[in-house]
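Me: I would like to learn how to read the features of a structure. Can we work through one together?

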Protein chains: 2
Amino acid sequence: MLSAREQLEIIKSNVVDLVTPEDLLLKLERSVQTGKPLVIKYGADPSRPDIHLGHVVCLLKMRQFQDLGHEVVFVIGDFTARIGDPTGRSQVRPPLSREEVEENARTYHEQVTKVLDPEKMRVVYNSHWLEPLSLKDLVKIAGKFTVAQMLEREDFQNRYQNGIPIYLHEFLYALMVAYDSVALNCDVEMGGQDQLFNFLVGRDLMREMGQEPQVCLTMPILEGTDGVQKMSKSLGNDIPITDPPQEMFGRVMSIPDNVMSHYFLYLNLATPQEVKSIEERMASGSLNPRDVKLDLATRIVSWLHSPGKAKKARQEFEKVFSRGGMPEEMPEKNVSLPLDLLTFLVDVGLVPTKSEARRLLKQGGIYLDNVPLPYSERPIISTLEDGAILRVGKKRFIRLRLT
Amino acid sequence: MLSAREQLEIIKSNVVDLVTPEDLLLKLERSVQTGKPLVIKYGADPSRPDIHLGHVVCLLKMRQFQDLGHEVVFVIGDFTARIGDPTGRSQVRPPLSREEVEENARTYHEQVTKVLDPEKMRVVYNSHWLEPLSLKDLVKIAGKFTVAQMLEREDFQNRYQNGIPIYLHEFLYALMVAYDSVALNCDVEMGGQDQLFNFLVGRDLMREMGQEPQVCLTMPILEGTDGVQKMSKSLGNDIPITDPPQEMFGRVMSIPDNVMSHYFLYLNLATPQEVKSIEERMASGSLNPRDVKLDLATRIVSWLHSPGKAKKARQEFEKVFSRGGMPEEMPEKNVSLPLDLLTFLVDVGLVPTKSEARRLLKQGGIYLDNVPLPYSERPIISTLEDGAILRVGKKRFIRLRLT
């Protein structure tokens with residue numbers, strides 16, 4: 001077992017915020033002394049069970065904790081997921097049933113264990129302690145915080161200043177997340193760097209309720225394939241870890257050059273020294289960014305699938321896109337005519353949303369057997385040859401099979 | 001039974017806000033048609049069970065409703081009273097036990113029935129529906145309101161702008177008061193004009209939850225004996241309705257001339273026409289304000305005690321204060337030497353707070369046998385004749401008995 005100081009050095013790598021290193025050191029020292037593992041809390045939203053590379057940045061840190069002997073606890077936020085959007089103004093967050101939550105949690109577990117050691121993790125549901133929480137208890141918790149404190153949170157502040165409604169239940173949700181830490185009596189809470197405020201509320205609440213306050217640890221946010229926004233399924237810029245090798249390879253190849261170093265670093269695929277050297281060689285022209293990206297994609301697919309599959313994906317990718325050809329193998333889909341194009345594109349996942357599909361169609365970016373399809377409000381395909389290839393942009397294909 | 005329009009005319013008298021007269025008329029019309037009384041909600045704080053003339057302004061309006069055949073429901077806010085101050089930062093609001101709440105509610109009932117018809121009133125405790133309210137229900141209620149909406153409330157706005165903390169539970173309390181209306185499905189909520197915002201939240205919530213929204217009715221705020229601030233026990237400027245006749249008479253006589261008309265009007269002791277005539281005659285010098293005030297005090301004591309007691313109180317008052325004499329009867333108190341003056345003055349109720357006592361002492365306003373006592377930080381009386389009279393200002397006396 002490593003000493004507390006050695007552990008701290010490992011844990012500190014890639015971290016954005018650590019509040020505070022001194023507190024963490026004390027906890028690690030006690031853990032070394034008593035042999036009791038630290039409890040690492042990570043909040044999981046069961047309404048979005050798809051794990052992508054953005055999450056993996058955190059999962060890798062959790063894996064480090066596990067390898068150092070500590071325990072990771074996934075808190076499934078089922079309490080709020082089962083309420084849905086209480087304002088009734090949004091259609092995007094329908095309440096989930098208990099069964100849906102459990103199914104999502106199962107999927108979640110299956111995915112995270114690609115990175116994590118299932119022996120050193122626990123999954124808990126926060127409804128377990130939030131459901132029996134009385135209004136009286138909540139009032140007492142609420143009395144520990146002020147409105148001004150809550151409005152310090154960056155996103156709340158922006159919304160308040162811009163007149164975008166903040167609903168009162170959002171304040172309550174922040175308190176509930178904080179109370180999760182109390183219920184778990186956890187040692188460390190970790191997540192993306194946009195979560196720091198929430199974690200600090202938890203830290204304060206634990207102290208107010210007579211517990212040892214949790215250490216707050218945040219990880220950098222990985223940009224999505226657009227290279228700008230946070231990776232997120234709802235933005236359609238994500239690289240899901242369940243992607244098949246070919247697709248995953250293609251998605252990594254679509255990121256802009258300037259974020260490659262983040263991918264190398266945050267996903268532990270290269271040391272800071274290696275990254276620095278790569279950047280220097282790209283800058284001097286001795287290294288082609290495209291080759292670097294092929295290497296990055298190969299490493300990611302090797303890791304999440306296998307070296308063999310990565311090699312095959314790379315060959316296929318190079319064949320198609322380097323030589324302008326068509327891939328030998330491509331996904332197929334059975335269709336029947338007439339075919340509602342926009343709905344179909346979204347259903348098979350070629351385009352994230354109908355409005356995006358409409359935009360692409362307008363730009364002439366959707367092809368049937370290499371012929372751009374004409375724009376219309378609600379395009380319907382009524383004739384089609386069996387085996388025709390529907391293509392979106394340069395890199396997304398599907399073969400249509402008439403049924 | 002009066003028609004709906006006739007009832008509306010009576011109810012509108014003295015009212016500050018009525019949201020909306022149209023809604024109230026519809027409710028009254030239905031009540032006339034069906035014979036079903038309207039339910040009038042009034043929130044009572046069981047931690048402050050002392051009723052003073054400021055409350056009476058509302059009680060009189062409730063009595064009007066009763067006389068028109070409607071039902072008054074006192075909502076005892078025991079749920080929050082039993083929590084106390086959850087911030088733990090204030091000593092002024094200790095949590096009340098169930099027994100204390102019930103005792104206060106009993107006292108409350110005893111006092112309000114000096115004005116109200118006990119047959120047409122009901123007392124309910126809001127813990128009855130708030131205790132079983134689940135966190136999930138609360139989240140749904142909270143989701144109906146925004147932070148910005150809450151901060152529209154004048155006192156919240158001022159505090160937020162001046163950096164004075166607003167604790168989150170205060171938002172929750174506003175929601176709970178609103179939920180009280182839902183639980184009662186009341187027709188009208190009424191109270192002081194500073195309550196309008198809270199009532200409107202209740203109105204909104206009822207609508208959101210599919211009920212007919214309550215009508216919000218507010219009454220003017222009666223100034224305390226200082227003539228400036230809202231009458232309030234904690235400010236020490238109140239006239240409790242349980243005051244003995246002599247004390248009540250004296251307190252009314254201590255109000256400034258310029259608020260007399262409010263007392264006449266809001267306490268239904270004179271019609272607007274009478275008040276106007278009194279004011280004109282005072283302005284022209286044909287009526288002495290002092291005589292008007294003696295008349296006001298006499299009317300109040302006659303009403304809340306009896307005409308006989310009012311007459312006696314007036315005679316006694318005139319004897320003492322008009323002729324500079326001392327009253328025949330005065331309260332007595334046993335004391336032992338040395339006597340801590342400030343503590344004593346507060347304990348016997350001659351002065352509301354020590355800092356006020358200190359202020360009066362500085363001004364030379366505290367006398368022992370007609371000699372002003374000298375100022376010191378912590379004045380101690382070490383010699384004293386049995387039967388000496390301790391006097392504060394012109395009108396507050398106590399006879400000291402050495403033990």
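## Reading helices, interface and backbone

Reply: Start with a helix pair across the two chains: the axes of H10(A) and helix H7 (residues 135-142) of chain B come within 7 Å and cross at roughly 140°. This is a predicted model, in which local features need pLDDT of at least 70 and side-chain atom pairs count only at pLDDT 80 or more, while totals for chains, interfaces and linings use all residues. Residues are numbered from 1 along each chain as its sequence is written, chains are lettered from A and ligands numbered from 1 in the order in which they are written, and side-chain values use heavy atoms, with hydrogens and water left out.

Me: How are the helices and their axes defined?

Reply: Helices (H or I, at least four residues) and strands (E, at least two) are DSSP runs, numbered from the N terminus. Axes are lines fitted to C-alpha atoms, for helices over the stretch in contact, and angles run from 0 to 180 degrees between N-to-C directions.

Me: Which residues of H10(A) and H7(B) meet?

Reply: Contact means heavy atoms within 4.5 Å. On H10(A) the residues are A:Leu168, A:His169, A:Leu172, A:Tyr173 and A:Met176, and they meet B:Leu135, B:Leu138, B:Val139 and B:Ala142 of H7(B). By class, this contact of H10(A) with H7(B) has eight nonpolar residues, one polar and no charged. Here Ala, Val, Leu, Ile, Met, Phe, Trp, Tyr, Cys and Pro count as nonpolar, Asp, Glu, Lys and Arg as charged, and the others, Gly among them, as polar.

Me: How is the area buried between chain A and chain B read?

Reply: The size of an interface is often given as the accessible area lost when the parts come together. Buried area is the accessible area (1.4 Å probe) that two parts lose on being put together, summed over both. Between chain A and chain B about 3,000 Å² is buried, and carbon and sulfur atoms give 75% of that. The elements that give two or more residues to the side of chain A that touches chain B are helix H7 (135-142), helix H8 (147-151) and helix H10 (168-184) of chain A. H10(A) gives the most, seven residues. That side of chain A divides into 24 nonpolar, four polar and seven charged residues.

Me: Where are the backbone features to look at?

Reply: Begin with the peptide bonds. A cis bond joins A:Val19 and A:Thr20, with omega about -10°, and A:Thr20 is in the loop between strand E1 (17-19) and H2 of chain A. The bond from A:Leu337 to A:Pro338 is also cis, with omega near -5°; A:Pro338 lies in the loop between strand E7 (332-335) and strand E8 (339-340) of chain A. In chain B, B:Asn14 has a positive phi of about 70° although it is not a glycine.
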